[in-house]
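Here is a short briefing for a first look at a protein model with a ligand. Please have the sequence and the 3D view open as you read.

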Amino acid sequence: MALQFKTPRGTKDIFPPEIYRWHYVEQRLRDLFSRYGFHEIRTPVFEETELFARGIGQSTDIVQKEMYTFVDKGGKSFTLRPEMTAPVMRAYLQHHLGEKRRVQKLYYIAPMFRQERPQAGRLRQFHQYGAEIIGTPDPLADAEIVRVAVRFLEELGVADFRLKLNSVGCPVCRPTYRDNLRRQLKPVLDQLCSDCQKRYDLNPLRILDCKRESCRELTAGVDSIEAFLCEDCAEHFRQVQELLASQSIVFEKDKRLVRGLDYYTRTAFEIVTSHLGAQDAICGGGRYDLLAAEFGENPVPGVGFAAGIERLLAVLEKQALLPEPAERTAVYLIGLGEAARRRIFALAGDLRTRGIAAELDYLGRSLKAQMRDANKLMATWTVILGENELEREVAILKNMLTGEQEEVQLSEIQKILEARLR
Ligand code: HAM
C-alpha cells in the first residue's frame, strides 16, 4: 500500500548523495563570503506578518498571494519568511548593529517560503544564499554586491550567464517616470492582460516585466527610466556602471528590469542563464534605502542580493560542474559471531576517536552481505574478524582498491590504519 504521507507540494527531501552537492556549494559559499568580508546572520524562520507586508509592499505578488501566514494561539499573525532582506534589516535595527560597526556586511544561506504554483525551478520551500551591505549609500557597496554575486558563479565555473542592470530611481524621480509610463500606455490599456490592467493603477512599472508576449510587444517602445532619473540617481547609476566596468564585469542595461519587491531604490539587477527555461533568474538584488523608513525608523541605506540554491544546482548539474557526490568510508569493520562483533564495535569507537571514519554492520549479516555493504559505502579498507582470528588476536586487513589482504595483529590495527590513511 502506498504511504499515506508525502512531502507537501512544492517541497523536497534532500538526502545522500544529493546532500553532498549542497555541502559542496555551502562550503564554497562560506569560503567566498569570508574572503569578501561578510559575516553570517541567522534569523527566525517566521516573523510578524506586518514586517513583510510593509517591507516587501502591499501590492506585490508575494504579499498579496504567496505568503504562508498563520495566527498563533496568542492571536498574533506570523508569516514564514518569503525572503531575507526585511528580516536582516529588522535585526540590524533591533540590535543597533550600526553602532558596533557603521557598515554591516551580512550573509545567509537559508530556506524561504512562497506559495507559488510549483514548476521546474519554482518551489514553495526553496533555499537562498544572499548578502546585504547595510549602512552606506556609496555606489561602491552596490558594485561590491554585484561583484560577489558574479564572482561566485565564476569561481564555480558557470560560464554563460547574463547580468542585467537598471536603476529604479527614487521617490523624487520615479513618480514622473510612472506618470509618463501611464501616459504612454493609456492608448493600449485595454489590450494589456488583466494582470497588467490592474498594475496600471497599482504599480505600472511592473507592466514592463510581464512575461506575456502580447504585453511585451505593446510595451516594447516605451521610454526607459534612465532619461527620467534625478541628478543624484543618474550620478549613482553612472558610478555603479563605471565601477563594474573597472572590474571587467560585463552587464547589459535592461529597461524592463523592475524587480517584484517594492523596497528597491536606484540599483536593480538580476543574473539569468539560458539553462533554466522559464524560471531563468538565478539571482536578483538591488538597493533599498527606504526600507527602514517603511518600519517607522530613520532611513538606513542598504544594498544586497539573493540567489536560489536549487536553481544554481540545476545549472551546475547541466554544465557538469559538480564534483563526485559521494563520501567514502575509510574503514568498514566486519565481525563474524557475537564476540567478534563486540570487539569490532569497540574498535570502531577507538578509530573514530582517532579521527578515522569507520562503519560496521548492525544486522549480524553474513560475510558476503557485509562485504556488499562495505562496497556500497565505498570503503577504502575492510577489517575482517572471525572467531578463529579473534582467538589468535589477529584480523584480516583488506585493501578494497587493490583487493590485497594480509593478516595483522589486532593490537596493531589502529596504528597501521592511521599510517596508511594519512
Ligand atoms: P527575489 O528575486 O525574490 O529577491 O529572489 C532571489 C532569487 O531566489 C531568485 O532569483 C531565484 O533564484 C530564487 N527564488 C525566488 N523564488 C523562488 C522559488 N519559488 N523557487 C525557487 N527559487 C526561487 C529576493 O528575495 C530579495 N530579497 C533579494 C535581495 C536581497 N534584494 C536585496 N537584498
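This is a predicted model: local features need pLDDT of at least 70, side-chain atom pairs count only at pLDDT 80 or more; totals for chains, interfaces and linings use all residues.

Residues are numbered from 1 along each chain as its sequence is written, and side-chain values use heavy atoms, with hydrogens and water left out.

**Ligand site**

- The ligand is surrounded by 27 residues (a residue is near a molecule if one of its heavy atoms lies within 4 Å of it).
- The closest are Glu83, Glu116, Glu132, Tyr264 and Ile282.
- Glu83 has a polar side-chain atom 2.6 Å from a nitrogen atom of the ligand.
- Thr85 places a polar side-chain atom 3.0 Å from a nitrogen atom of the ligand.
- For Gln128, a polar side-chain atom lies 3.0 Å from an oxygen atom of the ligand.
- On its own, the ligand has 660 Å² of accessible area, and the protein covers 96% of it (areas come from the Shrake-Rupley method with a 1.4 Å probe).

**The shell around the ligand**

- Two or more residues of the shell come from each of β6 (125-134), β10 (281-287) and β11 (302-308) (strands are DSSP runs of E, at least two residues, and helices are runs of H or I, at least four, numbered from the N terminus).
- β10 gives the largest share, 6 residues.
- By class, the shell has 12 nonpolar, 8 polar and 7 charged residues.
- Here Ala, Val, Leu, Ile, Met, Phe, Trp, Tyr, Cys and Pro count as nonpolar, Asp, Glu, Lys and Arg as charged, and the others, Gly among them, as polar.

**Helix packing**

- Helix α6 (residues 139-156) packs against helix α10 (residues 231-246) at about 45 degrees, with axes 9 Å apart (axes are lines fitted to C-alpha atoms over the stretch in contact, and angles run from 0 to 180 degrees between N-to-C directions).
- That makes α6 oblique to α10 (under 35 degrees is roughly parallel, over 145 roughly antiparallel, 65 to 115 roughly perpendicular, and the rest oblique).
- Helix α1 (residues 18-35) packs with α6 at about 135 degrees, with axes 11 Å apart.
- Therefore α1 is oblique to α6.

**Backbone details**

- Pro16 and Pro17 are joined by a cis peptide bond, with omega about 0 degrees.
- Pro17 sits in the segment before α1.
- Arg266, a residue other than glycine, has a positive phi near 55 degrees.
- Arg266 lies in the loop between β8 (252-253) and β9 (267-273).

Definitions and conventions
A polar contact is a pair of N or O atoms within 3.5 Å; within protein, one must be able to donate a hydrogen and the other to accept it, and residues adjacent in sequence count only if both atoms are side-chain atoms.
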